[in-house]
Amino acid sequence: MRIVVLTGAGISAESGVPTFRDAGGLWEGHRVDDVATPEGFERDPDLVQRFYDARRHAAAAALPNPAHEALARLEQRLGDELLLVTQNVDDLHERAGSTRVVHMHGELAAALCASCGARSAVPADLAEWPPCPVCGERMLRPDVVWFGEMPYELDRIEAALAACELFVAIGTSGAVYPAAGFVWTATEHGARTLELNLETSEVSSLFDEVRLGAASVVVSAWVDEMLAATA
Ligand code: NAD
């Protein structure tokens with residue numbers, strides 16, 4: 001069965017990585033406009049570099065939880081019938097064992113050179129303005145997709161949504177587009193849709209089925225069901 005799974009910050013919450021909106025619309029005490037837009041970066045680049053350096057260190061200290069691990073087990077069973085699309089910039093899916101992961105909003109572990117456009121592994125804390133490993137200019141920024149920027153691999157994601165039989169959204173508030181619209185695309189092409197979330201989201205009414213609860217519980221239970229059904 002072809003499945004597309006979309007994950008959001010909620011799947012990493014039980015690993016101790018705070019979500020985006022849970023604390024009154026602030027991300028780790030910062031306004032989203034200040035740390036997640038190109039304009040915020042222009043206004044105060046050092047603050048933004050320090051912010052993502054801190055997020056990267058915190059994510060590195062976190063461990064995958066049973067929800068990440070369950071999705072890795074599902075990939076082992078389904079192989080390329082499963083596409084895991086994440087809005088998360090941490091690498092907890094990979095560290096749990098998933099290999100087919102699309103980071104549509106980029107990755108904390110990567111840097112993007114504003115001079116030559118190369119994407120590379122972060123060579124050192126970006127607040128130190130290390131040189132780009134490709135062109136040598138000191139113009140690296142986090143390779144994270146900010147509001148107003150184009151997410152990565154949308155064509156591949158849209159094609160997978162059009163071809164899937166099941167679309168599952170996990171731990172995402174349904175407030176950030178285009179990801180929040182994936183349920184529409186999947187539905188239009190005839191897929192069944194399932195939402196797994198702690199509480200209802202802004203798009204819950206669009207799903208065929210909604211299961212509420214902590215990701216470590218509901219994702220593990222859903223994966224166990226899928227593994228039993230495809231045994
Ligand atoms: P969000 O913060 O807007 O929403 C989080 C969702 O997770 C909510 O629906 C909430 O009910 C749910 N949730 C909270 N705890 C949960 C749990 N234990 N189990 C299941 N669900 C739980 O997140 P979003 O929709 O992913 O959008 C936020 C944006 O911020 C993304 O673009 C992402 O790149 C970025 N972000 C990423 C991380 C990360 O990489 N871990 C963390 C914070 C923000």
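Is Arg-119 buried, exposed or partly exposed? Arg-119 counts as partly exposed, because its relative accessibility is 47% and the partly exposed class lies between buried, under 20% relative accessible area, and exposed, over 50%, with a 1.4 Å probe and protein chains only. Before we go on, a word on the ground rules: this is a predicted model, in which local features need pLDDT of at least 70 and side-chain atom pairs count only at pLDDT 80 or more, while totals for chains, interfaces and linings use all residues. Residues are numbered from 1 along each chain as its sequence is written, and side-chain values use heavy atoms, with hydrogens and water left out.

Let us stay with Arg-119 and look at its partner. The side chains of Arg-119 and Asp-143 form a salt bridge, with 2.7 Å from N to O; the term stands for a side-chain nitrogen of Lys or Arg within 4 Å of a carboxyl oxygen of Asp or Glu. This pair links distant parts of the chain, since Arg-119 sits in strand β5 (residues 119-121) and Asp-143 in strand β6 (residues 140-144), 24 residues apart. Strands here are DSSP runs of E with at least two residues, helices are runs of H or I with at least four, and both are numbered from the N terminus. Asp-143 is buried, at a relative accessible area of 2%.

By the same rule, the count comes to 13 salt bridges. One of them joins Glu-165 and Arg-2, at 4.0 Å from N to O. Glu-165 belongs to the loop between α7 (154-163) and β7 (166-170), and Arg-2 to the segment before β1 (3-7), so this pair ties together parts that are 163 residues apart in sequence. Glu-165 counts as partly exposed at 39% relative accessibility, and Arg-2 is partly exposed too, with a relative accessible area of 41%. Another salt bridge is formed by Arg-43 and Asp-34, whose closest N and O atoms are 3.1 Å apart. Here Arg-43 is exposed, at 54% relative accessible area, whereas Asp-34 is partly exposed, at 23%.

Next comes a group of charged side chains: Arg-192, Glu-209, Arg-211 and Glu-225 are linked in a network of salt bridges. Glu-225 lies in helix α9 (residues 215-229) and is partly exposed, at 42% relative accessibility. Its side chain also makes a polar contact of 3.1 Å with the side chain of Arg-211. A polar contact is a pair of N or O atoms within 3.5 Å; within protein, one must be able to donate a hydrogen and the other to accept it, and residues adjacent in sequence count only if both atoms are side-chain atoms.

Glu-195 lies in strand β8 (residues 192-197), and its side chain is joined to that of Ser-204 by a polar contact of 2.5 Å. Leaving aside residues up to four places away in sequence, Glu-195 touches several others, including Ala-169, Thr-172, Phe-207 and Arg-211, where contact means heavy atoms within 4.5 Å.

The backbone has some points to look at as well. Most residues other than glycine have a negative phi, and most peptide bonds are trans. Tyr-177 and Pro-178, however, are joined by a cis peptide bond, with omega of about 10°, and Pro-178 is in the loop between β7 and α8 (182-188). Trp-129 has a positive phi of about 50° although it is not a glycine; this residue is placed in the loop between β5 and β6. Glu-153 also has a positive phi, near 60°, and is found in the loop between β6 and α7.

Gly-171 is another residue of the loop between β7 and α8, and at 11% relative accessibility it counts as buried. Among the residues that Gly-171 touches, not counting those up to four places away in sequence, are Gly-8, Ile-11 and Asn-197.
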